[in-house]
Amino acid sequence: MGGGGNMSAPTTKTEQKKNALPKVPSSKPPFTLGDIRKAIPPHCFQRSLIRSFSYLVQDLILVSIFYYIANTYFHALPSPYSYLAWTTYWIAQGCVCTGIWVIGHECGHHGFSDYQWVDDTVGLILHSALLTPYFAWKHSHRRHHANTGSLENDEVYIPRLESKLRWYYKYLNNPVGRVLVLAFTLTFAWPLYLIFNISGKKYDRFACHYDPYSPIYTDRERLQIYISDAGIIAATYVLYRLTLTQGLAWLVCIYGVPLLIVNGFIVLITLLHHTHSSLPHYDSSEWDYLRGALATVDRDYGVLNKVFHNVTDTHVLHHIFSYISHYHAMEATKAIKPLLGDYYQFDDTPILKAMWRDTKECIFVEKDKDKAIETLPPKILAVETAKPIGSDTFEERSIHSINFISDSNVEFDYIVLLDGFDIDDGSDVHKEVRTLRDERRAYKRRSGRERIPPNTDDVPLDKVEQDICFDEIETQDRNLTGRVGGDDPFYYISEAYSCETD
């Protein structure tokens, strides 16, 4: 699974028909995040607590109505009609509950209100009711947003290289195999991801969303993982009590089947957003935040777009500014489309057809061999700065991608120096970066009189201080190798990945 990049243009009519959308350019965009922000009306960045709650209340009313009808009248229906009634209930309730899950997801991005505690409280209740560990998924999902499209650092939907395909893929690459894969994926992929990190980023040890000491999380986040687990335990206990009073069959029909539909939609929506033959994936030598954020595609789910609060057809915007509330997302998407141009992708293929096509075509990624490597001037993408508490020694090194995490023994985490990376109020990712950048600038002002010695091979780290190489990043006239931040500067190259189609 996974998308594509800059393969050579299709040469046959069959290939042209297969690839309905042109491939997203893998070169550096001619616009910045600041340019995109300026194209969006300012009111789109405003969050309304009352308006957000109105959508939640609307969904809860629908859930209550569906429940009342099913619980009150379905048992009196004769057999043929009861089957049809229950099927209708499961689909309708599952779709509306998916919308509720999306609101909880919006809470995790601080897009529900201006109050973080309100967002986290609402999100914890909604996601726990749907057996999703709110804080656990919130933190792993933030890292997905911070590393989208990166083959090394993305959290989910990381495509395989051809050389790393599992042995059984060749037996599943047929209609029957694809049906089995889709059925298994839509039914079990979500809980398996939460429990075993299936399809997630590979860690050096077992990773689980329910484990506070999982390598997914840092020390600062572990308490919230316990809170997430407590929410799941509380919801499970309520379901257990309902089973004792109402019976297992009642619970399965009223709650269990709609939950399976919610889980299936979660997987389907996210899978199709990041799996398309037009989308590039980048290795660490070419990835940057903006290009990664643009490596996604908007989809058309028809009437379900509104039921799902437009998470389906505004996903490109969501990866650029994740804290914009869903009721502003359509307007903001329309505002940025002219600026993004070929970097914006929208596929209106019917969802069932798109699901089948992309499962068939997107098997693995490979290097684009037809495009020459373009070497641009050196540019630091980001600098990691860590100061253990109680120590005066700074350790600084260049990194390939942004991974916004913090540990209890780290005073500063990631100072982002991305070209054009404007910091925007309210974003879960951008707010953290803005704070760190302000700290760095304040430190630089305090240390401005200090001079970097000409020979830094044996310079004590505590003498160099945190703002080393700041001027070098501006002028690019000195070699950083051997200094604090000792990796070589990174180079943008235009050799992207592409999806192999059969």
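The protein chain contains 18 helices and seven strands (DSSP runs numbered from the N terminus; helices are H or I with at least four residues, strands E with at least two). The model is predicted, so local features need pLDDT of at least 70 and side-chain atom pairs pLDDT 80 or more, while totals for chains, interfaces and linings use all residues. Residues are numbered from 1 along each chain as its sequence is written, and side-chain values use heavy atoms, without hydrogens and water.

Of the 502 residues in the protein chain, 52% are buried (under 20% relative accessible area, 1.4 Å probe, protein chains only). The chain exposes about 23,500 Å² (Shrake-Rupley method, 1.4 Å probe). Carbon and sulfur atoms supply 60% of this area. Among contacts with a separation of 6 or more, 72% join residues 24 or more positions apart (contact: heavy atoms within 4.5 Å).

Aromatic pairs number 25 (Phe, Tyr or six-membered Trp rings with centres within 6.5 Å; planes under 30 degrees apart are stacked, over 60 edge-to-face, the rest tilted). One of them joins W137 and W190 edge-to-face, at 6.1 Å centre to centre and 75° between the planes. W137 belongs to helix α6 (residues 134-146) and W190 to helix α8 (residues 175-196). The pair thus links distant parts of the chain, 53 residues apart. Both W137 and W190 are buried. Elsewhere, ring pairs connect F74, W86, Y89 and W90 in a cluster.

Charges also sit over rings (NZ of Lys or CZ of Arg within 6 Å of the ring centre and within 35 degrees of the ring normal). R37 lies over the face of F45, 4.1 Å from the ring centre. R291 lies over the face of Y282, at 5.2 Å from the ring centre.

Key: Buried means under 20% relative accessible area, exposed over 50%, partly exposed in between (1.4 Å probe, protein chains only).
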